[in-house]
Amino acid sequence: MGAGREVVILLDGVRDKNIMQLKKINTAIFPVRYNDKYYTDAIASGDFTKLAYYSDICVGSIACRLEKKEGGVVRVYIMTLGVLAPYRGLGTGTKLLNHVLDLCANQNVSEIYLHVHTINEEAINFYKKFGFEVTDKIQNYYTNITPPDCFVLTKVITQTKK
């Protein structure tokens, strides 16, 4: 990864044929094991769930769930966003999050939100750079990690006029 060279990160959708890539990424990055509903929601979200590739190696992913509210308004929940440690700092997480934020701005999405472990300062600072704000703290959210608390980070979406 030489200095001055453009790093090319390609995004690809998640489908039945490559869902194992998402499972492997999640196992490598997160201290939580995800159930079948997580993967069903990830595939159902269509373009809101992506795998990131660097030189044909799957190095990261974002997985979202679409939540329909009254009046046809949709909010997006980021279930996971992660990049393998050796590939952080290349703009992969930024590319994944910007992809989803662009989709939100062009569709009827009112807000986007996620949960972050309270001691994960790197993630909290990452999301704040994109305009997310801590809107809540949930005690005992996690069952297998200490501390078990999380913050809810939320960003209100401004719709792009077409």
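Reader: Let's start with the rings, then. How many aromatic pairs does the count come to?

Author: The count comes to 9 aromatic pairs in this predicted model. One of them joins Phe-30 and Tyr-34 in an edge-to-face arrangement, with 6.2 Å from centre to centre and 90° between the planes.

Reader: Are those two buried or exposed, or something in between?

Author: Phe-30 is buried, at a relative accessible area of 16%, whereas Tyr-34 is partly exposed, with a value of 27%. The cut-off that matters here is 20%, since buried means a relative accessible area under that figure.

Reader: And what about Tyr-38 and Tyr-39, what kind of pair do they form?

Author: Tyr-38 and Tyr-39 also form an edge-to-face pair, with their ring centres 4.6 Å apart and 75° between the planes. Why is this pair called edge-to-face? Because planes over 60 degrees apart are classed that way, and the angle for Tyr-38 and Tyr-39 is 75°. Tyr-38 counts as buried at 5% relative accessibility, and Tyr-39 is buried as well, with a relative accessible area of 10%.

Reader: Which residues do the ring pairs link into a cluster?

Author: Phe-30, Tyr-34, Tyr-38 and Tyr-39 are linked into a cluster by ring pairs.

Reader: Changing topic to charges: how many salt bridges does the structure hold?

Author: The structure holds 6 salt bridges. As background, side chains of opposite charge can pair when their charged atoms come close. One example is Asp-12 with Arg-15, whose closest N and O atoms are 3.1 Å apart; Asp-12 is partly exposed at 26%, and Arg-15 is partly exposed at 34% relative accessibility.

Reader: What about Lys-50, which residue does it form a salt bridge with?

Author: Lys-50 forms a salt bridge with Asp-47, and the closest N and O atoms are 3.5 Å apart. Lys-50 is buried, with a relative accessible area of 11%, while Asp-47 counts as partly exposed at 46%.

Reader: And which residues are linked in a network of salt bridges?

Author: The network links Arg-65, Glu-67, Arg-75 and Glu-111. Within it, Glu-67 and Arg-65 form a salt bridge with the closest N and O atoms 2.8 Å apart. Glu-67 is buried at 16%, and Arg-65 counts as partly exposed at 25% relative accessibility.

Reader: Last one: where does Asn-120 lie?

Author: Asn-120 lies in the loop between β5 (109-117) and α4 (121-128), where Asn-120 is partly exposed, with a relative accessible area of 33%. Asn-120 and Phe-151 are 31 residues apart in sequence, and their C-alpha atoms are 9.7 Å apart in space.

Key: Residues are numbered from 1 along each chain as its sequence is written. This is a predicted model: local features need pLDDT of at least 70, side-chain atom pairs count only at pLDDT 80 or more; totals for chains, interfaces and linings use all residues. Side-chain values use heavy atoms; hydrogens and water are left out. Rings of Phe, Tyr and Trp (its six-membered ring) pair if their centres lie within 6.5 Å; planes under 30 degrees apart count as stacked, over 60 as edge-to-face and the rest as tilted. Buried means under 20% relative accessible area, exposed over 50%, partly exposed in between (1.4 Å probe, protein chains only). A salt bridge is a side-chain nitrogen of Lys or Arg within 4 Å of a carboxyl oxygen of Asp or Glu. Helices (H or I, at least four residues) and strands (E, at least two) are DSSP runs, numbered from the N terminus.
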